[in-house]
Amino acid sequence: MTEPPPALDVILASIRARVMDPTGEAVLEPPPAPANTAPPLPVSLAHVTMPASSTGMTLDELMRSMLAPQIKAWLDANMPEIVEKLARDEIKRLTGKL
């Protein structure tokens with residue numbers, strides 16, 4: 001028959017004995033930082049302008065107001081092509097030809 005697992009107090013005492021010296025000071029050093037980590041990529045926010053009305057806005061409202069012009073420009077540039085492709089695919093699906 002197997003032995004029952006040790007009580008939590010026994011486990012904690014074992015851990016404390018391994019990481020602390022008799023005076024109660026920690027004996028383990030934190031692990032060194034990995035040497036192969038790349039530095040963070042530089043991010044430029046120079047092209048982002050804060051709206052004048054941003055005072056008192058939530059972060060969500062602020063992001064929406066800042067992204068709205070960019071999203072509108074993208075939709076204006078890409079929407080005709082997207083609609084044309086979808087219409088062509090639907091006509092082809094319904095008629096079997098284009």
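## Exercises: salt bridges in a predicted model

In this predicted model, five salt bridges are counted. Let us work through some of them together.

**Exercise 1.** Find which residue forms a salt bridge with R64, and work out where the pair lies.

*Solution.* 
- Step 1: Look for the partner. Side chains of opposite charge can pair when their charged atoms come close.
- Step 2: Check the distance. The closest N and O atoms of R64 and D60 are 3.2 Å apart, and the cut-off is within 4 Å, so the pair counts as a salt bridge.

**Exercise 2.** Decide whether R64 and D60 are buried, partly exposed or exposed.

*Solution.* 
- Step 1: R64 has a relative accessible area of 60%. Exposed means over 50%, so R64 is exposed.
- Step 2: D60 has a relative accessibility of 46%, which makes D60 partly exposed.

**Exercise 3.** Describe the salt bridge between K72 and D76.

*Solution.* 
- Step 1: The closest N and O atoms are 2.8 Å apart.
- Step 2: K72 and D76 sit in helix α2, four residues apart, or about one turn.
- Step 3: K72 is exposed at 51%, whereas D76 is partly exposed at 48%.

Conventions: Residues numbered from 1 in each chain as written. Predicted model: local features only at pLDDT ≥ 70, side-chain atom pairs only at ≥ 80, totals over all residues. Heavy atoms only, no water. Salt bridge = Lys/Arg side-chain N within 4 Å of Asp/Glu carboxyl O. Helix = DSSP H or I, 4+ residues; strand = E, 2+ residues; numbered from the N terminus. Buried < 20%, exposed > 50% of the residue type's maximum accessible area, 1.4 Å probe, protein only.
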